[in-house]
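Have the viewer open and follow along.

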Amino acid sequence: MHEVFERLKSELLNAWRFRWQGFAAVWFVALVGWAFTFTVPNQYASWAKVHVDTQYVLRPLLSGMVVEPNLNQAVQLLTRTILSRQNLEQIANNSNLNLGGLTPIQKDKMLSALRDQIHISNVGNDLYDIEYANHDPAIAKAVVQQVLNILMADALGATQEDSSSAQKFLKEQLEKYGNDLNNAENVLAEFKRQNLGYMPSDNGGYVTQLQMAQQTKAQLLNQLEVSQSEMKTLASQIRGMRQGKTPVNPAQDPNVLALNAQIQKDKQTLSNLLTQYTADYPGVISLESRIKLERKQRDALIANLKKRETDTFDPNNPVYQDISLRANKVSVEIEGIKTKLGQVNRQIENLKHRADKMTKVEARLDALTRNYQVTQDQYNSLLRRLYSAKLSQSAQASGNPLKFQIIDPPILPLIPTSPKRHVMAFMAMVVAIGAGVALAYLLAQLKPVFLTKTELMEMFSLPVAGAISLAQTTTYLKAHRIRVLMFGAGCVAFILVGVLVIVFSNQGAELVRVHLLGGTL
């Protein structure tokens, strides 16, 4: 620590030798700094506060019915793009910032500086501050007012222009899809006309129609079998009665009728099962066995009834007439079933013959129908969006969703906001002192001397045989004290002048700019 103190003391003593040069540098830098402080013109800041209301009244009422733009994002984009070159030129021309006499380069520099000097900041809660400073208070206010005007005009124009552009695009797309929809309809209608006999019916396509025909055929075969069985029984009864024997009519027997009805019901059930399962299905096998058993029971019952035949034949016997009438009826039913069966067989053969053509027609019809449906859905979607866009524009026309409310309009500033001349004068004083000290230290380093034996020994690493002290005579000491007093007085004078400059910096600026330079503050 002692060595550091000695080293610092040595450096100060070395620099002390050039105190007058440093003192001159202090005054020079201070005078330059104070002169700059006095000549800097005053800056007057004008500002305005704007509230952007994005919660307009119709929004909750039209929720889901109209296209709602992102208003917060629109406001942010608007504040970032408002300072475009075109807007800056408009602001400058309307704010008496003369651009006419400037060269293109000077004009670019001025517009660039204007962009940097206009500050638009979001202070929260949808509040925005617009601030601009200029040496002319009227220009500062005019610039802020112009920015406000452009901001409000652009907000209204942007929303209406966006809505109109969207409607124009939707109308163009709607016309295109309308033409595509008409073409798809014509192609579909022409295809149906050309393939009229191969089109799917209301009951379904080729496979469904074939399944239904086969199912109908199976039902008719069952009905035919039952009717033929009944016909055989009736014919046998008729033959027996004509041979002189009048059997008891088994067909009228309640037990036989019940068994026939049960057999018919089981056959119908079996037919339905066979359309869904194979013959090996346990339910099918069980039902077939039951039908066989019921048939055996019916046949045994009929055989027992036939043993009760009478030995006389009477054509007018009501039983005979009834059996004959039923036989005729069953015969007609059999012929009708055969006719239907023939029609179903022809339908099945026709379907199988046209299978390849019908499947191709069905595939092509599905593709055309799908294309038509997609086009129609897209057309309807565009139509709904167009109506929504028109409703949105109507809603915007009734009330612009972006509402700007000026909280604080720009006013003519009377008090300058900058520069802070007191601070500038003080900083000039500090910088001047630093510059003087630095100059003295620099000169001491350029012209070093050894003030003590220790420094000499450390520099050359050699022993010092002796030292001769300076003989300070009375005259020398008197002259030295006078120089020190003069230097101290000079420093005090500098500090006093500096304090006066700091205290009366504004008055000094007025003296220089108004009275000496003939300008304004």
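Start at Arg298, which is buried, with a relative accessible area of 13%. Here buried means under 20% relative accessible area, exposed means over 50%, and partly exposed is in between, using a 1.4 Å probe and protein chains only. Before going further, note that this is a predicted model, where local features need pLDDT of at least 70 and side-chain atom pairs count only at pLDDT 80 or more, while totals for chains, interfaces and linings use all residues. Residues are numbered from 1 along each chain as its sequence is written, and side-chain values use heavy atoms, with hydrogens and water left out.

So what does Arg298 pair with? Its side chain meets that of Asp299 in a salt bridge, at 3.6 Å from N to O. Asp299 itself counts as partly exposed, at 42% relative accessibility.

How many salt bridges does the structure hold? The count is 11. One of them is between Lys107 and Glu89, at 3.7 Å from N to O. Because Lys107 sits in helix 6 (residues 104–117) and Glu89 in helix 5 (residues 85–94), this pair ties together parts that are 18 residues apart in sequence. Helices are DSSP runs of H or I with at least four residues, strands are runs of E with at least two, and both are numbered from the N terminus. Lys107 is partly exposed at 24% relative accessibility, and Glu89 is partly exposed as well, at 23%.

Now hop over to helix 7 (residues 137–194), which holds both Asp180 and Lys176, four residues apart, or about one turn of the helix. These two form a salt bridge, with their closest N and O atoms 3.4 Å apart. Asp180 is partly exposed at 29% relative accessibility, and Lys176 is partly exposed at 44%.

Last stop: the hairpin. Strand 2 (residues 119–124) and strand 3 (residues 127–134) pair in the antiparallel sense over five bridges; two strands count as paired if DSSP finds at least two bridges between them. Gly124 has Leu127, in strand 3, as its bridge partner. The hairpin has two residues between the strands, and Asn125 takes a positive phi near 55 degrees there.

Terms used
Salt bridge = Lys/Arg side-chain N within 4 Å of Asp/Glu carboxyl O.
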